[in-house]
Amino acid sequence: MTATQQDHPPEQPHPSGQAHGHSHGHGHSHAHAHGPAAPVSGRLRKVIAAVLIPFAVAVVAGLVALWPGGPEHTTHGRSGLGFDQETVAGRVVKVAEINCADANAQPQAPTEPGQQGAAPAPGGATGGGSGGKTICERATIEVTSGKDKGRTFPEIVQPNASRKFSAGQELKLAYAPKAPKNLQYSVSDVDRSFPMALLAGVFALVVVAVGRLRGVFALVALAISFGVLTLFILPAILQGSNPLVVAVVGGSAIMLLALYMCHGLSARTSVAVLGTLVSLLLIGVLGSLFIGWASLTGNTDDQTGLVHGLYPDIEIKGLLLAGVIIGSLGVLDDVTVTQTSAVWELREADPSTSRRKLYAAAMRIGRDHIASVVNTLVLAYAGASLPLLLLFSIADSGVGTVATSEIVAQEIVRTLVGSIGLVASVPVTTALAVLVVSADHTPDGNVPSGGGASSGGASGGGRGRGRRRRARAR
């Protein structure tokens, strides 16, 4: 039994001459049904394979050549800065209110626009004016893992601090072995393991409940993408490989694995891969051009500064461009798969339509998709940069000053380059899909793939009516 026969139940007899038409055109009898698109011809499969197989081989060769050889980036030792510090688990034992003066802690007023907290009001309960007593919190923290398990230390929380503690709260503690004993442990962050794991579980359940088997494949593809990112892209960049090359190779591997796993090994998916590849190349070229032209360094925040300080050989500008490519990949997959599916379904609905009409109909769908996706991409970047935009709003800077400052211009270039590649993917993918479905013909070269059923039914019906007329005449 063929794959097509397994996907569809056996055809039921049709009235009149339609049954004869289906018997002659059985190879295309499912073209009009609601289900997988009819497979393309062997000739087109060979053409697509001739393009994609060398590309896949090049990706595999790139993975082998750039694969990190080992955890060499850990040999420099921990700097004790940011995430590069040893941590252990901790828990808040109790919290008590104290006078800040008794703990030699004085509340600090904000030193820059946007810093959380406000200057204490004169005479208030938390102010220092008019002799008012300032109330702080003294949290007793217990170390719950590591060699000093059971050890406790105090943590003073000032009234204008953004983080408050409660008894029983789980924490992450930073450990500085070279510091004095009473200063070796400090609160690094809150332990969010449970809520994050719960949210991930709810996400997986929703995806599987709605997507079913396709949802399961999507989750597996997501895990593979995360694995490529953490096992290849990040370690390879840390070992000194060019971030742009690493991002192109890693992003291509993610694209191939995710698309074929989620959507199957088919010509439809292969066209989506080609459209995504062309768009990624466009994003890479435009990103490289405008990042250099705008003199963007990529070193605009504490994180990139820390990375550059610990690993001076890493090209921060290349890291910026790599982020643009990887960040655009997910949205590109969505657009190219949607456009390819639209072309295939339109062709199935009307096998006799011309290339021009098919392209125009698919582009109408694509334009609607562009309007929503581009807005989504811009708002996603704006949302991530909202605190930064708020700082400029407080500083009352002009729009031109804000837009041309490096820290904002970097996000503008990232957004616009990604959006250009996203918009360009619609006509490119649509044109590729139209070429594939329109060039796919039956052996006589007259009937496009998917149209055999209709043509066969019509001709069979005509022959059936002719035989009935001759029978009645006799």
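Which residues does Ile224 touch, not counting residues up to four places away in sequence? The legends below, which refer to a predicted model, take up this point in the third view.

**View 1. The whole chain.** The predicted model shows a chain that holds 13 helices and five strands. Of its 474 residues, 36% are buried. The chain exposes about 26,600 Å², and carbon and sulfur atoms supply 62% of that area. Among contacts between residues at least 6 apart in sequence, 70% join residues at least 24 apart.

**View 2. Helix 4 against helix 5.** Helix 4 comprises residues 193-238, and helix 5 comprises residues 243-263. The two helices pack at an angle of about 165°, and their axes lie 9 Å apart. Because angles over 145 degrees count as roughly antiparallel, helix 4 and helix 5 are described as roughly antiparallel to each other. Their crossing is right-handed. On the side of helix 4, the residues that meet helix 5 include Arg214, Phe217, Ala218, Ile224, Val228 and Phe232. On the side of helix 5, the residues that meet helix 4 include Val246, Val249, Gly250, Ile254, Leu257 and Met261. By class, the residues of this contact divide into 18 nonpolar, four polar and one charged.

**View 3. Ile224 in helix 4.** Leaving aside residues up to four places away in sequence, Ile224 touches Leu257 and Met261. Both Leu257 and Met261 are listed among the residues of helix 5 that meet helix 4. Ile224 and Leu257 are 33 residues apart in sequence, and their C-alpha atoms are 7.7 Å apart in space. Ile224 has a relative accessibility of 28% and therefore counts as partly exposed.

**View 4. Leu244 in helix 5.** Leu244 is placed in helix 5. With a relative accessible area of 27%, Leu244 is partly exposed. Not counting residues up to four places away in sequence, Leu244 touches Gly318, Leu321 and Ile325. The C-alpha atoms of Leu244 and Leu319 are separated by 6.8 Å, although these two residues are 75 residues apart along the chain.

**View 5. Helix 6 against helix 8.** Helix 6 comprises residues 267-293, and helix 8 comprises residues 316-349. The axes of helix 6 and helix 8 come within 8 Å and cross at roughly 150°. Helix 6 and helix 8 are therefore roughly antiparallel to each other, and helix 6 passes helix 8 in a right-handed crossing. The contact of helix 6 with helix 8 has 14 nonpolar, 10 polar and four charged residues.

**View 6. Helix 8 against helix 12.** Helix 12 comprises residues 406-439 and packs with helix 8 at an angle of about 30°. The axes of helix 8 and helix 12 are 8 Å apart. Because angles under 35 degrees count as roughly parallel, helix 8 and helix 12 are described as roughly parallel to each other. The crossing of helix 8 and helix 12 is right-handed. Sorted by class, the residues of this contact are 14 nonpolar, 12 polar and two charged.

Definitions and conventions. Residues numbered from 1 in each chain as written. Predicted model: local features only at pLDDT ≥ 70, side-chain atom pairs only at ≥ 80, totals over all residues. Heavy atoms only, no water. Axes fitted to C-alpha atoms, helices over the stretch in contact; angles between N-to-C directions. Helix = DSSP H or I, 4+ residues; strand = E, 2+ residues; numbered from the N terminus. Parallel < 35°, antiparallel > 145°, perpendicular 65-115°, else oblique. Left-handed = near helix turned anticlockwise from the far one by under 90°. Nonpolar A, V, L, I, M, F, W, Y, C, P; charged D, E, K, R; others polar. Buried < 20%, exposed > 50% of the residue type's maximum accessible area, 1.4 Å probe, protein only. Contact = heavy atoms within 4.5 Å. Areas by Shrake-Rupley, 256 points an atom, 1.4 Å probe, with all protein chains shown as cover.
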